[in-house]
Amino acid sequence: MKKELLPVISGITVSMIFGFSFLFTKKGLEFFTPFHLLSLRFAFASICLLLLHLTKIIRVDFRGKKVSSLILLSCVQPVLYFIFETYGLKHSTSLEAGIMIALIPIVVAIMAYFFLREKVNIKQLLFIAISFLGVMLIVIFKSTSSFGGSITGILFLLGAVISGGFYNILSRKSSSNFTPIEITFVMMNVGAVVFTCISLTEFISGNNLYGYVEPLLKPEAILSVTYLGVLSSIVAFFLVNFMLSKLEATKSSIFGYLTTVISVIAGVSINGERLEWYHIFGCVFIIMGIWGTNYFGRKLKNPIDLEKRNF
């Protein structure tokens, strides 16, 4: 029973971390450009993991393992996902972004069926749809904007959705050969290298290399980077990778909807936003969907042997 609860607790914890992370991202963007913030976020996470490894608090061992598969995974998430999401948000409305990102669990369910041969029954699909409706209820009624983004923005957001889907599949597959901390270790390092190169290129082209470190003199900027680097990157992605090593990708991805619930709670409790009827009904639908997707999936035996499946 304890083993069954740990992945669920991990999923709830991840949703809480990601749900509150938007507050720190919003604050961080007051001091950094998007790629500058991503660079510092993953660089901070990478340095922390390296120190933990050197002090033997964590253990990573890649000897005899095909690390190239983790490089591929890392190129998908965080690299491609965050690039697509950043430019997608730039060229689309918040309504469009909310609807598109909410498609990730559905895309994961489809991909898991074809690539991992994970079975999804009708009841699970029904509860996935209930969670999706809950997200749509909150996004549509909360947004004051209309569909006004460009087709470019929609295509970028679609890229983020597909990247998010492939990440779930690749992490699930990689869990047969690597520990969750090893997967997270490579993800943070690849993210740090790629986003730091992009960010430094921006500052060098603007002849303002000092601008890369200047915002770090402000405590609020450091707080944002610390939260995003430690909790939203190291802790959250470790728990996601752990959860994907224990649960089918379809079940794991549904916890992404819970992030919406936490975001609403954070907005009401911290930012003083007004609690509306659609917040309540949307959250109820989301929680029902998460419960149903996992409950009606219990009877399914794991239909795949991850070490033998190839795709």
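Contact is taken here as heavy atoms within 4.5 Å. The model is predicted, so that local features need pLDDT of at least 70 and side-chain atom pairs count only at pLDDT 80 or more, while totals for chains, interfaces and linings use all residues. Residues are numbered from 1 along each chain as its sequence is written, and side-chain values use heavy atoms, with hydrogens and water left out.

By this criterion, L70, L72, L73, V76, Q77, L80, Y81, F84, E85, Y87, G88 and L89 of helix α3 meet G153, F156, L157, G159, A160, S163, G164, F166, Y167, L170, S171 and S174 of helix α7. The residues of this contact comprise 15 nonpolar, 8 polar and 1 charged; Ala, Val, Leu, Ile, Met, Phe, Trp, Tyr, Cys and Pro count as nonpolar, Asp, Glu, Lys and Arg as charged, and the others, Gly among them, as polar. Helices (H or I, at least four residues) are DSSP runs numbered from the N terminus. The axes of α3 (residues 68–90) and α7 (residues 151–174) come within 8 Å and cross at roughly 155 degrees, where axes are lines fitted to C-alpha atoms over the stretch in contact and angles run from 0 to 180 degrees between N-to-C directions. The two helices α3 and α7 are therefore roughly antiparallel, a term applied to angles over 145 degrees. The crossing of α3 past α7 is left-handed, meaning that the near helix is turned anticlockwise from the far one by less than a right angle.

Q77 lies in α3 and, at 6% relative accessibility, counts as buried (under 20% relative accessible area; exposed is over 50% and partly exposed in between, with a 1.4 Å probe and protein chains only). Beyond neighbours within four places in sequence, Q77 is in contact with F82, Y167, M187 and F237.

Across the whole structure, 20 aromatic pairs are found, a pair being rings of Phe, Tyr or Trp (its six-membered ring) with centres within 6.5 Å, and planes under 30 degrees apart counting as stacked, over 60 as edge-to-face and the rest as tilted. The ring centres of F62 and F178 are 6.3 Å apart with planes at 50 degrees, so this pair is tilted. F62 is in the loop between α2 (34–54) and α3, and F178 in the loop between α7 and α8 (180–205), 116 residues apart. F62 is partly exposed at 23% relative accessibility, whereas F178 is buried at 4%. The rings of Y81 and F82, with centres 5.5 Å apart and planes at 85 degrees, form an edge-to-face pair. Y81 is buried at 10% relative accessibility, and F82 is buried at 10%. One aromatic cluster is formed by F35, F42, Y81, F82, F84, Y87, F156 and F195.

Definitions and conventions: Angles under 35 degrees count as roughly parallel, over 145 as roughly antiparallel, 65 to 115 as roughly perpendicular and the rest as oblique.
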